[in-house]
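Please look over the structure below with the following notes beside you. They take up a pair of helices and then a pocket.

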Amino acid sequence: MLGGTVAAGGLAVVGCARPPQHVRIGFIVKMPQEQWFQDEWRFARAAARDFGFSLIEIGAEDGDRVLSALNTLYARYAGGFVICAPDPRLGPAIADFAANSGMKAMSVDDRLSAAGGAPIAGIPHVGISALAIGDLAGTAAASEARRRGWAPAETGILRIAYDSLETGRERTGGAVAALRRHGYTQVFDAPQRTTDTEGAFTAAAPVLTARARIDRWIIIGLNDETVVGGVRAAEGLSLAQKSLIGIGIGGSEAAIAELGKPRATGFFATVLLSPRRHGYDTSAAMYRWIARGQRPADVTLTSGTLMMRDNFRAVLAREAQA
């Protein structure tokens, strides 16, 4: 290993003093093949162009590759790095490496944790607020239901639930809380075994069938595919588009396909999650920390942007600019 040895709990770095150099920043992601991380890198490159630093992109799918990536960054005189680690429990080792090497560290998407699951307080973090995203979805659904004149007593909320995943619980929990604030309180859970469209369809159909007296439904779930599955199940029971308000989360291809259909479906909108803030903003913050001594906030949580049939193309075009 370059310039150091692995010790219990992290890496001890030894060697000569590091020379001054042009600012170089590493950006390590756990699944480099996924579109979300490709987009984060794309926006990070835009920040490098705008601020005049060099970006070093590294994929690290496991702990050994993370340590290898950190040594690579140290050897290439990086002043700091942004990381989405494959396992948040690598936090102590990553924090030790940063402290011993003098590199500054930020986490993105998944917050690094110490023993017992507590977050690593000394590493600034940029993540997604699942509750805020759910709140946005629920508020949008309630607003549209009000616009259509749906009375709360005549409206059902289908919560397609994947509660074994904390993010899933928080997203749907935030949506339900927002709907309750607006008076929509009839919530029916449809536990799903898988988070895809088929799994949601299978979960939703029996719940909708058992409550045939309700003919106006708000459909929420942890992602777009889940809500599409719920909408398809409702359509299979002859519920019309005007009787459905499905709000997805993610801004995925499944959502874009629904919003782009010639005729509107029961899939009303989606909350687009923005890789721009997670790629561009984190890289720019790291640059300011290295070059100007401006430490980022300890925690920054992002929400999303509501996309509907009338604005999704403009929103996507804006997000694509880098």
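1. In helix H6, the residues Thr197, Ala200, Phe201, Ala204, Ala205 and Leu208 meet Glu225, Thr226, Val228, Gly229, Gly230, Arg232, Ala233 and Ala234 of helix H7, where contact means heavy atoms within 4.5 Å. By class, this contact of H6 with H7 has 8 nonpolar, 4 polar and 2 charged residues (Ala, Val, Leu, Ile, Met, Phe, Trp, Tyr, Cys and Pro count as nonpolar, Asp, Glu, Lys and Arg as charged, and the others, Gly among them, as polar).

2. This is a predicted model, in which local features need pLDDT of at least 70 and side-chain atom pairs count only at pLDDT 80 or more, while totals for chains, interfaces and linings use all residues. Residues are numbered from 1 along each chain as its sequence is written, and side-chain values use heavy atoms, with hydrogens and water left out.

3. The axes of H6 (residues 197-210) and H7 come within 7 Å and cross at roughly 45°, axes being lines fitted to C-alpha atoms, for helices over the stretch in contact, with angles from 0 to 180 degrees between N-to-C directions.

4. The largest pocket is lined by 42 residues, and Trp36, Asp109, Ile128, Arg171 and Leu273 lie nearest its centre. A pocket here is an open set of points on a 1 Å grid over the protein atoms alone, where a 1.4 Å probe fits, with protein on both sides within 12 Å along at least five of seven lines; lining residues have an atom within 4 Å of a point.

5. The lining of the largest pocket divides into 19 nonpolar, 9 polar and 14 charged residues, and H1 gives the most to this lining, with 6 residues.

Note on methods:
Helices (H or I, at least four residues) and strands (E, at least two) are DSSP runs, numbered from the N terminus.
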